[in-house]
Amino acid sequence: MIRFEKVTKRFADGTTAVDALDLEIADGETVMLVGPSGCGKTTSLRLINRLEEATGGRVLVNGQDVSQVDPTQLRRGIGYVIQHAGLFPHRRIEGNIATVPRLLGWARAKIQPKVDDMLETVGLDRTVAQRFPHQLSGGQQQRVGVARALAGEPPVLLMDEPFAAVDPIVRARLQQEFLDLKKRVRKTIVFVTHDVDEAIKLGDKIAILKEGGQLAQYGRPVEILARPADSFVADFVGRERTLKRLALMTADSLDVTPGNPVDPDADAERVGAAAAEAGQPWVPVVGEDRRFQGWCDSRRLVNGHTAGQLAGGLSIATVGPGDTLRTALDAALSAESRSVVRVDAAGNYLGVITLERIAEAGLWS
Amino acid sequence: MNAKRPPARPPRAVLLLTGLLAVALTGCASDSLMMRGGGGPIEVLQNLWAWFTEAGRWNGNDGIPNRVVEHLYYTVVSLAIALAISLPVGIGLGHLGKGGLFAINVSNIGRAVPEFGIVILVFIIAGYGELPVIVALVALAMPPIVTNSYVGMRDVDRQVTGAARGMGMTGWQRLTQVELPLASPAIMAGIRTSTVQVIATATIGAYVGLGGLGRYIIDGLAQHRMDKVLGGAVSVAVLAMAAELSLAGLQRVIVPKGIRTMRAGATP
């Protein structure tokens with residue numbers, strides 16, 4: 001886990017790059033730092049591996065204050081990818097990838113398989129191992145940059161505008177590969193970009209920074225789009241554009257999951273079983289008339305009570321035929337279950353649509 | 001990649017032809033200088049050949065081998081001192097990125113003051129010996145080495161050194177594993193320039209009574225013997241080119257292959 005505690009960075013010339021930043025990044029999460037130029041996003045990233053030193057507050061990586069760790073040791077445990085890859089032109093690709101393992105003093109017998117493994121991970125043929133960086137295309141060089149950053153098996157990966165210098169077609173490919181990669185290698189990733197669309201597409205969470213290094217909003221992409229904290233965020237993420245687009249698309253084509261509905265008389269034991277099977281704590285409550293009655297939180301239902309008693313309240317919005325993605329998004333965001341129930345024209349329960357599904361269909365297409 | 005190419009040098013063959021032409025022309029002009037061993041171009045070359053094949057030319061104190069050894073002695077000592085001072089200064093300041101302008105300007109004083117002036121000055125202060133010549137040659141050798149190594153270090157791609165730092169290389173590891181290999185072509189270019197200049201200028205040793213190939217030139221001028229002057233000049237030129245070729249070979253060994261092929265403009 002990475003935590004910023006009231007972190008401030010003031011440069012010698014008096015400019016404030018980062019201003020009292022509080023941020024918490026959970027293990028295995030991909031957080032995008034995004035904002036206009038001069039918002040301190042790159043500086044914030046470089047504070048993590050001490051390429052910049054904070055002038056106030058502290059940065060914690062896995063509970064340890066980074067200012068108490070030797071910088072070179074700290075950096076060997078944190079992957080680092082930069083815009084132009086920054087490969088060593090005098091070393092072959094295998095030598096580049098082996099950089100951190102060598103610094104860590106790994107045995108030769110362990111390094112060679114690791115290089116092959118890393119090439120495969122980033123989708124490069126093993127024949128490039130013997131080439132020099134200048135013999136590779138920009139996209140290939142960037143893949144090697146990622147392989148080099150991952151070779152030392154760091155739990156944390158820092159990426160500073162890694163895809164900004166390649167052409168749009170290659171960038172789209174690299175972004176898709178990044179999404180696949182982050183599913184396979186569970187890393188905590190901090191990713192700097194100036195491109196909001198890239199942030200929405202790649203991030204589990206987005207931190208939007210304002211000029212002067214202030215955090216404007218921090219949250220999941222859909223939340224930021226649907227509930228921007230202020231007009232700066234709304235403008236920056238192009239909220240109107242996105243919501244208008246969502247308002248033009250119907251929710252009809254969205255897949256539903258069964259959601260394991262329970263009847264209102266279900267007791268804690270049955271609700272618990274349904275929730276466990278669905279893999280999430282919230283279970284829809286559906287009456288005998290097949291009407292949706294509300295969500296039941298399996299964690300809050302105590303013995304002696306029924307699902308129907310907990311259901312109800314505000315979050316009974318549903319999505320019917322012809323409703324737009326915008327409606328679905330609003331409904332899902334206002335429900336604590338972060339899901340919305342789909343009903344047919346007669347109002348009968350059909351299934352559950354998750355927020356992820358809506359976001360996938362509407363924001364990332 | 002936006003690697004800068006070193007400034008183009010004239011091909012060695014062109015230099016060689018220009019040198020030979022100059023030799024022939026000087027020889028032709030020697031009549032007006034009231035010198036023996038001159039005449040038309042053919043005669044000049046014949047006399048030159050005769051001088052090179054004279055009895056005793058290749059042995060003894062005044063033989064070419066001994067003069068070459070003396071000449072190389074001044075060269076190697078001066079270069080060793082110049083390298084010992086200039087490389088740490090140029091590389092160190094380039095690594096730190098500070099004080100480069102100052103160092104380059106100070107070392108350039110060596111260029112502004114004529115070598116002959118330095119020899120006479122140190123001769124007056126320290127008297128007869130090798131010291132005046134060595135001091136002058138060191139002053140001559142330093143500027144190209146300081147300037148080239150400083151600029152070479154500064155020109156190393158900041159993205160690359162930044163990545164090296166971000167991956168946890170220490171300052172020393174960055175210097176030895178990244179910056180020096182990448183700056184090696186520029187550093188070697190400085191050393192090659194200095195070497196050729198020092199070999200050409202080491203002839204001034206003869207002015208203050210020392211040996212070396214300059215002996216033939218000084219003595220030839222005093223004796224009004226054009227063949228001897230030319231013989232000395234040609235010997236110096238050949239020695240300089242031999243040194244340049246050996247250093248070019250050394251550079252091939254030192255500069256990493258990835259940089260050589262990059263500079264050659266190889267594409268995937």
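Predicted model: local features only at pLDDT ≥ 70, side-chain atom pairs only at ≥ 80, totals over all residues.
Chain A is divided by the domain assignment into domain 1, spanning 2-244, and domain 2, spanning 268-362. Their C-alpha centres are 36 Å apart. Six residues from domain 1 of chain A and six residues from domain 2 of chain A make up the contact. On the side of domain 1 that touches domain 2, helix H9 of chain A (residues 221-226) gives the most, with four residues. That side of domain 1 has four nonpolar and two charged residues, and no polar ones.

Chain A also contains an open sheet of six strands, ordered E6-E7-E8-E3-E9-E10, in which the pairing is mixed. With direction ignored, neighbouring strands are turned by 15° against each other on average. In general, strands of a sheet pair through backbone hydrogen bonds, in either a parallel or an antiparallel manner. For E6(A) and strand E7 of chain A (residues 156-160), the pairing is in the parallel sense and runs over four bridges. Within this part of the sheet, A:Ile78 stands opposite A:Val156 in E7(A). Helix H1 of chain A (residues 41-48) lies across strand E3 (30-34), E6, E7, strand E8 (188-193) and strand E9 (205-210) of chain A. The direction of H1(A) is at about 150° to E8(A).

Between the two chains, 23 residues of chain A are in contact with 21 residues of chain B. On the chain A side, the elements that give two or more residues are helix H2 (71-76) and helix H4 (99-103) of chain A. H2(A) gives the most to this side, with four residues. By class, the chain A side divides into nine nonpolar, 10 polar and four charged residues.

In chain B, helix H7 (residues 158-166) packs with helix H8 (residues 171-201) at an angle of about 145°, and their axes are 11 Å apart. The crossing of H7(B) past H8(B) is right-handed. From H7(B), B:Val160, B:Thr161, B:Ala164 and B:Arg165 take part in the contact, meeting B:Arg174, B:Val178 and B:Glu179 in H8(B). The contact of H7(B) with H8(B) has three nonpolar, one polar and three charged residues.

Definitions and conventions:
Residues numbered from 1 in each chain as written. Chains lettered and ligands numbered in written order. Axes fitted to C-alpha atoms, helices over the stretch in contact; angles between N-to-C directions. Left-handed = near helix turned anticlockwise from the far one by under 90°. Contact = placed C-beta atoms within 7 Å. Nonpolar A, V, L, I, M, F, W, Y, C, P; charged D, E, K, R; others polar. Domains from an automatic or database assignment. Pairing = 2+ DSSP bridges.
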